Amino acid sequence: MKKQIALELKNICKYFPGKVIANKNVNLTLYKGEILSLLGENGSGKTTLMNMISGIYFPDEGKIFIDGEEVVIRSPKDAFKYKIGMIHQHFKLVDIFSAAENIVLGVNDGSRYNIKKVNSRVREIAERYGFDIDPKKKIYNMSVSEKQTVEIIKVLYRGADILILDEPTAVLTPQEIEKLFVILRKMKADGKSIIIITHKLNEVMEISDRVSILRKGEYIGTVETAETNPKELTEMMVGKKTDLKIERVKTDFDRPLLEIRDLVINKDDGSLAIDNASFYIRGGEILGVAGIAGCGQKELCEAIAGLRPIKSGLIMHKGENLIGLPPKVIIEKGVSMSFIPEDRLGMGLAPSFSITDNMMLKTYSEGRGPFVDRKSARARANALIEKLDIVTPSSETPVRRLSGGNVQKVLVGREIESAPNVIITAYPVRGLDINSSYVIYDILNEQKKKGTGILFIGEDLDVMLALCDKIIVICHGKIMGIVHAEKTTKEELGLMMTGSLDLTEEKKDKNYGIAKDSNLTEEEWKAEEEKQAEKENEDD
Amino acid sequence: MTNEKTIREPLFHISKRAPLSKGQVALIYLSAVVIALILSGFVCTLLFGANPFAALVGIFEGNFGTDSRIWWLLRDASLLLLVSLALAPAFRMKFWNLGGNGQIIMGALACYACMHYAYGQIPNVIMYILMITTSVGVGILWAIIPAVFKAKWNTNETLFTLMMNYIAMGLVNYATSKWSLQQTGKLEPINGAKLPEIGNKYILIILIAVAVTVFMFFYLKKSKHGFEVALVGESVNTARYVGINVKKTVIRTVLLSGAICGIVGLLFCGVVDGNVYEDTPQNMGFTAIMAVWFAQCNPLIMIISSFGIIFLSRGINHYQKNVLKLTNSAVSDMIVGFVYFIILCCEFFVVYKLQTRRNKRNFGFKDISEQIAGKGDGKPTAVEKEERNEGGNK
């Protein structure tokens with residue numbers, strides 16, 4: 001049987017200001033009842049292309065055909081008319097509405113608003129594809145994966161036949177990904193066409209029928225998944241042969257640099273962020289932290305950097321208590337923290353400042369006199385640009401205008417230049433393409449060799465298994481276990497992340513997460529605890 | 001199934017443009033001013049049958065017609081520049097100080113109080129020192145109250161500073177009822193107690209404006225404090241993260257803001273009027289917001305924006321009083337509003353551009369597009385590849 005074409009793109013081009021070519025001559029064919037993976041590094045124009053199909057951008061050149069007929073998609077409304085639905089990376093949901101209310105929002109089918117009818121239709125769709133959802137549940141009570149389900153049902157409710165999913169797996173645990181894939185296969189069997197954007201090659205191999213590859217906005221080609229392998233795909237994506245192995249550098253571990261005991265931290269809303277955590281980082285060690293997004297990672301980083309008051313517990317750096325010290329003093333002690341939030345610009349960088357000004361964020365107050373020393377900062381900025389291959393017109397360009405990878409290089413580069421002895425880094429490769437990610441891993445490994453202790457908070461379990469020496473797994477702020485990366489598996493980590501497996505329960509011994517060769521004797525720890533307790537009493 | 005397929009492209013769509021050079025931006029603003037003036041001329045013609053060119057002549061006449069008009073222009077432009085300089089650091093920090101008027105009134109009131117009680121009682125020099133210190137001090141006080149509340153309890157500074165204006169006006173009314181000798185509802189000017197003149201009555205104001213401009217330029221652009229101010233404005237989280245004491249920075253910056261407003265109050269009372277009214281600041285606390293906005297907090301550009309605003313409003317005022325023979329300021333307000341509106345609108349064109357169906361290819365890609373159009377297979381040539389790589393890297 002000849003496959004029917006659902007969607008066809010011909011010579012699509014899109015240019016952005018500043019002579020940036022986001023898409024050029026992209027040809028894409030999507031058949032009915034197939035799953036097509038769209039693969040490409042960051043900045044290769046995947047999202048731009050999908051935005052043009054879903055009516056957010058308008059192509060500068062080229063034609064779009066749906067069911068063989070040429071169409072012009074001028075707005076998301078038009079896209080819906082052609083039964084195209086996009087599930088964005090960042091959910092667009094109203095928090096205080098229920099699932100069904102969010103789903104029906106914006107639907108104008110002429111009939112009166114009847115939430116009961118909507119609820120039953122949502123249930124019907126959910127049953128058909130195997131979603132697990134309560135239409136009456138409010139969004140703010142939902143987990144990330146539930147919110148994603150709402151987004152998917154939202155487009156199905158509108159009758160979409162072509163679904164576009166932009167990095168749907170980035171926020172899910174391995175088990176949730178498996179569930180999502182089951183649903184996608186059901187949709188496929190139902191005749192829907194699905195385009196899925198992802199960075200993860202193993203997922204591409206698992207779920208898709210065909211793979212289309214973009215590189216620097218250009219269409220490279222489409223291959224049948226069954227006839228290719230990850231290595232070939234990477235080559236097509238990057239344009240040259242690359243070695244996909246992350247090196248785990250062997251070092252002699254030093255004594256613990258940072259020791260954390262019984263740490264309890266609250267979130268902004270007063271709920272528990274970190275629940276009684278004890279762990280330590282040695283010099284020359286990369287300690288990974290795995291967990292679903294929003295499980296206390298941010299609060300942990302902020303607490304160590306002195307930005308968030310803690311509830312109780314101790315954070316000892318080389319035997320000195322960091323709690324209560326101002327952020328500046330903690331920086332001066334050599335504890336560097338860099339947190340890459342979802343928008344990638346939030347903490348640690350000032351987006352509209354130049355690279356030079358960002359270089360001196362932490363050092364501007366050094367030196368005498370009332371004026372800042374921009375000259376030496378500029379020299380440092382230029383040195384960094386050269387060393388890390390940062391692509392920028394000049395050192396005076398606002399970092400906001402740099403691409404994601406280059407922004408992160410500026411941030412990580414600056415942190416390392418200050419020669420810290422402990423690096424806390426959260427999501428340093430968030431959204432980076434393969435090449436840039438490897439630059440960052442290399443930088444971290446280099447620091448590790450120098451004897452720096454590194455706390456690496458990451459998303460991609462494969463990367464963490466390859467890069468880290470040990471991995472702490474947290475679930476809702478509780479440590480589920482600390483495992484050697486060499487001895488564990490992704491499945492085990494996944495189970496711990498969701499709270500199904502708790503190694504601390506099994507081992508029950510009291511010294512979990514406590515170093516035998518601590519910088520302090522047990523008596524000294526006791527004394528510090530008492531001191532801390534006294535201080536807290538004073539504050540009250 | 002849908003029956004109607006949209007196959008027509010939209011007539012135009014909006015897209016972001018590449019950052020323009022400073023010259024191009026200046027050109028856009030300049031043309032906005034010119035367009036605004038021409039349009040205002042036409043509005044005058046429509047409403048009053050007046051000759052549109054006469055309006056332009058009237059504006060120049062009103063500013064440069066006589067020597068004293070030139071001095072008044074310089075005086076008001078300097079005062080507005082000072083108020084703008086006062087607001088700039090606070091705005092840079094995204095602390096929306098709408099209390100300029102109140103801070104000026106309080107400075108002027110403090111100055112008048114010194115003149116009222118001390119004139120003739122103590123040596124003039126001591127009185128001058130008292131006038132200066134109390135004006136600045138009270139200006140600071142009026143600004144710093146909202147700042148402390150903001151720093152400590154995160155109250156909304158916009159409403160707070162705004163309300164402080166009304167309290168200041170109330171206090172002036174109270175002082176009027178208390179100090180006025182003839183109960184005319186106005187205070188009597190104490191001209192004898194004004195600050196000594198150097199050369200001309202207004203040279204002191206101009207000199208102070210120049211000095212504060214230079215100071216503020218270096219303060220905002222080069223100093224460590226200025227760096228902190230900009231960083232707090234950019235992102236409070238990042239500022240905290242690099243160890244800046246945000247509360248301290250907020251209070252210190254607003255203190256500076258209030259101090260300069262206090263000086264303006266001193267100049268209004270101690271140099272210009274010798275008196276204090278409810279509308280002593282001539283609404284400059286709000287007008288200055290426009291000046292700061294146009295100048296994007298850059299002290300040097302504020303010279304131009306303050307001068308331009310005063311030039312326009314003085315000129316139009318003169319025109320309507322002497323040519324149109326109108327007694328209220330409705331026309332001038334309308335035309336000034338018109339000009340502001342068009343200048344603000346042109347900001348849109350600094351950031352965005354309209355692409356129509358026809359010209360969408362012609363924005364720096366003409367050559368590439370033509371090459372593409374010439375080939376059907378879509379395979380790029382070596383030249384194209386090079387160009388693309390350059391582009392893609394940006």
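**Cavities, a pocket and a nonpolar patch**

The residues that line the second largest cavity fall into 7 nonpolar, 1 polar and 1 charged. Please bear in mind that this is a predicted model. The residues in question are A:A305, A:P327, A:I330, A:I331, A:V335, A:S336, A:M337, A:K362 and B:Y241. Two elements of chain A give two or more residues to this lining, namely α10 (327-332) and β16 (335-339). The space in the second largest cavity comes to about 50 Å³.

How many cavities of 30 Å³ or more does a search of the whole structure find? The search gives 5.

Let me turn to the largest cavity, which holds about 50 Å³ of space. Its lining consists of B:L37, B:S40, B:G41, B:C44, B:A55, B:L56, B:I59, B:I316 and B:I335. Of these residues, 7 are nonpolar and 2 are polar, with no charged residue present. In chain B, α1 (22-48) and α2 (52-64) each contribute at least two residues to the lining. The largest share, 4 residues, is that of α1(B).

The elements supplying two or more lining residues are α2 (76-81), β6 (84-87) and α5 (144-157), in chain A. Which of the elements gives the most to this lining? That element is α2(A), with 5 residues. By class, the pocket lining comprises 15 nonpolar, 8 polar and 15 charged residues.

Finally, I ask you to look at the surface of chain B. A nonpolar patch there is formed by B:F12, B:I14, B:F348, B:F349, B:V351, B:Y352 and B:L354, which together have about 580 Å² of accessible area. Two or more residues of the patch come from each of β1 (12-16), α13 (330-351) and β2 (352-356) of chain B. With 3 residues, α13(B) provides the largest share.

B:F12 lies in strand β1 of chain B.

Methods
Residues numbered from 1 in each chain as written. Chains lettered and ligands numbered in written order. Predicted model: local features only at pLDDT ≥ 70, side-chain atom pairs only at ≥ 80, totals over all residues. Heavy atoms only, no water. Patch = residues over 30% accessible without salt bridge, like charges linked within 9 Å, V, L, I, M, F, W, Y side chains within 5 Å. Areas by Shrake-Rupley, 256 points an atom, 1.4 Å probe, with all protein chains shown as cover. Salt bridge = Lys/Arg side-chain N within 4 Å of Asp/Glu carboxyl O. Nonpolar A, V, L, I, M, F, W, Y, C, P; charged D, E, K, R; others polar. 1 Å grid on protein atoms, 1.4 Å probe; cavity = no way out; pocket = protein on both sides within 12 Å on 5 of 7 lines; lining within 4 Å. Points joined across faces, edges and corners; volume = space filled by probe spheres on them.
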